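Colleague: Hi! Could you walk me through this one?
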Amino acid sequence: MSKTWELTSSTKSMYDYFSDHNPGRIYATGDGSASDTHIASDMPSSFSGDGTPGDPIFGADGGLVFNWWYSNNGARVAVPGGYKTPYSLPGTGENNDDLHGLGNEFGANTQAGGGSGSWWHDAAKIMGDCHGTSCQVLGSDHGSAWGSTDFGCLGSYAIYVSAALSTFPCQGSTLSAQVSGAAAGGAGGAAAVGDPHLRNVHGERFDLMKPGKHVLINIPRGAGAERALLRVQADARQLGGQCADMYFQELNVTGSWAEAKQAGGYHFSVSQGGDVATPEWVAFGKVVLKVVHGRTDSGLSYLNVYVKHLGRAGFAVGGLLGEDDHTGVVTPPEACANRLALVDSAEGGQTAPSVLSVAEASLA
């Protein structure tokens, strides 16, 4: 499982975040409200930590808070949706033991980053009201107050931070930090990245195998280009031969919402050299979109597309990233079928804004 958040700062390192105890209590991805949440996830429909007590990162929604100290308690990394009163975190003088995350402390000068030998614990299950040793820690890696108590281990956690996403090792396996859309049914996130891997508003994943121009987003669904509020169309081309991987080379954002922002809408192309610029999210109505330039290890340029809040558009959403049928674009040409069956479609060298990914690998 994994979740990915976009950090509000593109210049701070993780050392900067975790060494800053003045003021501490950092909202790292937004304002801590229910609308501040992850931008991507790879989650099963159910897992052992999605109840209560639950997994401190994957068992609740919300953004990320760092160094959240309160009285003599604190958590290094936590999600506001996991607190006993979701999205209403404890104040500086509130002495309870109910905010659980990664890097917890229940009995020290946490305001100054202090810890104790008795009450530290690397991870704790999300719970309601609990106190001291009645709070369930994960595994046996904790302070002496719990003795040899072990409330089970939901998995191991890996944190990956990057401004240029690639693969990284975890528990003897190679994991991909590819951002591929927000959780289905949540904020309505979707993405089309790499060669190209797509994830639509329902969380369905598929690879685009058909070259040509494809409508990724069409709002309202079924509307013609002249009546669309927002229409995103991408040109996918095979690079390197007849059966080579395909990449988005051009992308047009049109419709009345785009026209309201910029006359003629927006046009993106690999020839623009945007890989040296800082990409920005642009709002079209309630939908937010970003186009990021990527480059493969062999030097091929391409475009990635990231979308947030499609579920809040107020209209049915069409296109491959919306609710339209994608079965016609996922079948490779017959002449290439045998070759493609033997090739790993994962592609490295993708770029993205500064993000933090947390992955959990089962120890079972």
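Modeller: Happy to. A nonpolar core here is a set of buried Ala, Val, Leu, Ile, Met, Phe, Trp, Tyr and Cys residues joined through side-chain atoms within 4.5 Å, where buried means under 20% relative accessible area with a 1.4 Å probe, protein chains only. This is a predicted model, with local features needing pLDDT of at least 70, side-chain atom pairs counted only at pLDDT 80 or more, and totals for chains, interfaces and linings using all residues. Residues are numbered from 1 along each chain as its sequence is written, and side-chain values use heavy atoms, leaving out hydrogens and water.

Colleague: How many residues has the largest nonpolar core?
Modeller: There are 33, and Leu-216, Ile-217 and Ile-219 have the most contacts inside it. Strand β15 gives the most, four residues (strands are DSSP E runs of at least two residues, numbered from the N terminus).

Colleague: And what other core lies apart from it?
Modeller: One of 19 residues, including Tyr-17 and Phe-58.

Colleague: Switching to β19, how many of its residues are buried?
Modeller: Eight of its nine, so by that cut-off the strand is mostly covered.

Colleague: Which way does β19 run against β18?
Modeller: Antiparallel, with three bridges joining them; two strands pair if DSSP finds at least two bridges between them.

Colleague: How many bridges pair β19 with β20?
Modeller: Eight, again in the antiparallel sense. Lys-290 faces Tyr-306 across that pairing, while Gly-299 has a positive phi near 100° in the hairpin, which has five residues between the strands.

How values were computed: Buried < 20%, exposed > 50% of the residue type's maximum accessible area, 1.4 Å probe, protein only.
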